[in-house]
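Look at the sequence and the 3D view first, then work through the points below.

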Amino acid sequence: MKRPARTHALWLAYVLHRVSGLGLALFLPFHFLVLGLALNDADRLDTFLTLTDNPLVKVAEFGLVFLLAVHFFGGLRLLALEFLPWPARHKTLAAGAVAVSFLISGVFFLQAV
Amino acid sequence: MLDMRLYLAQRLTALLMAPFVLIHLGVMIYAIQGGLTAAEILGRTQGSALWFLFYGGFVLAAGIHGAIGLRVIAHEWLGVPKSALPLLTWGTALGLIALGLRAVIAVTWGGA
Amino acid sequence: MTATSLTVRIQRTPATVAQADTFDVPAHEHQTVLDVVSWVQQHADPTLTYRFACRVGMCGSCAMMVNGVPRWTCRTNVNKVLRDGALDIAPLRNFPVIKDLAVDMDPFFDKWTEAEGQHHGSRSRDEAIAPVDPDSPDRAAANAGIECINCSVCYAACDTVAGNSDYLGPAALQRAWTLLNDARDTDRDGILDAVSGSGGCHNCHSMGSCTAFCPVGLDPMSAIAGLKRATMRRAWGKG
């Protein structure tokens, strides 16, 4: 069975929200484990943090910040759409969420490099 | 699969996290200037009740929010049967919260 | 029109030779997808099964997947959906297939009932007709959704329906929303209970495929958002 065409803005916003949320949920345990190193062994945390000088890690960080930003603004969009009866303005909101996310993660990236 | 209770929990944790995420994003952009070191992170956070409450609340909300999100994806995309969903949701939430609180304690009380 | 014939692939169930049969159908400037399916049944293969009734977009019985998109075939001009001179026609998504292009609509209508999609009146025929203010905001909200023809295009377009077999779907929930806003309906609590269960309105992810594909131009996504607000207002004790 063919899948229906999904080339409309809101479907893309839905998938972006879901995939970014999935990415963040999978990242969280690692984030917590690394910070947990400070409990017993701050030196190992430092060794790990030197990894963040690696350009590849910087790109990955950019990706993570983007996931967080896009999930944040996508979530605000959803809350507005569901809680405030705004008709027909969600496509602009969806596009705006992506734009602002790029802005924030871009700032992060420029600071990092 | 998502009744009103879970939906409300998902939206309330989202509302709660909205300011947290903004602060977190701001701190990240500030903190990475000049590279990341353990001393710098811990110097900012250790012994601070305020950071403990901030990150503690963040972890609780994120654990619940993430677990409900994974529950939906597990059912809709992976076909995990309904009967397995409560265990998955609670297991994920408790696991995330346990790991998260351990990290929060590490950076705000810390033994190092 | 330059081409004199169309290549029409129709998915068959139970599968005959191949999973889909291909037919050459004469091309006309103005013909609908339903015309094409009917031509195949009348001139090429009388065993082809499909469903239609009114042919003017009122009865909601002829919806099919056309080149991967759910459409009301009687009001869909072939030239608007043709891809490389070809049409790919399949039974509606998210439904069990009975035969060829005819699907079993029972789940769709069962969910309509499950969502309390019937009028809950209080007056008998001996009483005066209840006055309805056509300009009230509630009536405007109800009016926005009442032209649904039950074609189930929204139900076929929805990925949440595809992933969650309990989900009531856009049409049934929009129906519940119109009744909730109907001044004459007396069972607000019953409706809100019916849409708050494990397959209820809170499963909607607002992906908007229902609104994007509704052939009548309705907006079930916003109706479902209205139900979410109404259930929450009730939970907070404000209605």
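Helix H1 of chain A covers residues 9-36, which makes 28 residues. At 1.5 Å a residue it should span 40 Å, and its end C-alpha atoms are 40 Å apart, so the two agree. The expected span is 1.5 Å times one less than the number of residues. Helices (H or I, at least four residues) and strands (E, at least two) are DSSP runs, numbered from the N terminus.

This is a predicted model: local features need pLDDT of at least 70, side-chain atom pairs count only at pLDDT 80 or more, and totals for chains, interfaces and linings use all residues. Residues are numbered from 1 along each chain as its sequence is written, while chains are lettered from A and ligands numbered from 1 in the order in which they are written.

**The kink in chain A**
- H1(A) has a kink of about 30° at Phe27(A), shortly before the proline Pro29(A).
- The bend at a residue is the angle between axes fitted to the seven residues ending there and the seven starting there.

**The sheet of chain C**
- Five strands make an open sheet with mixed pairing, in the order E2-E1-E5-E3-E4 (chain C).
- Two strands pair if DSSP finds at least two bridges between them.
- Strands E2 (20-26) and E4 (69-72) of chain C are the edges, and each pairs on one side only.
- From one strand to the next, the twist averages 35°.
- Axes are lines fitted to C-alpha atoms, for helices over the stretch in contact, and angles run from 0 to 180 degrees between N-to-C directions.

**Partners of strand E1(C)**
- Strand E1 (residues 5-11) of chain C pairs with E2(C) in the antiparallel sense, over seven bridges.
- Thr7(C) stands opposite Asp24(C) in E2(C), and Arg9(C) has Thr22(C) as its bridge partner there.
- E1(C) and E5(C) run parallel, joined by four bridges.
- Val8(C) has Leu87(C) in E5(C) as its bridge partner.

**A helix across the sheet**
- Helix H1 (residues 33-44) of chain C lies across E1, E2, E3, E4 and E5 of chain C.
- This helix runs at about 100° to E2(C).

**Where chains touch**
- Contact between residues means C-beta atoms, placed from the backbone, within 7 Å.
- 31 residues of chain B are in contact with 31 residues of chain A.
- Helices H1 (4-31), H2 (38-45), H3 (49-76) and H4 (85-108) of chain B each supply at least two residues of that side of chain B.
- Twelve residues of chain C are in contact with eight residues of chain B.
- Helices H6 (159-163) and H10 (220-235) of chain C each give two or more residues to the side that touches chain B.

Methods: Contact = placed C-beta atoms within 7 Å.
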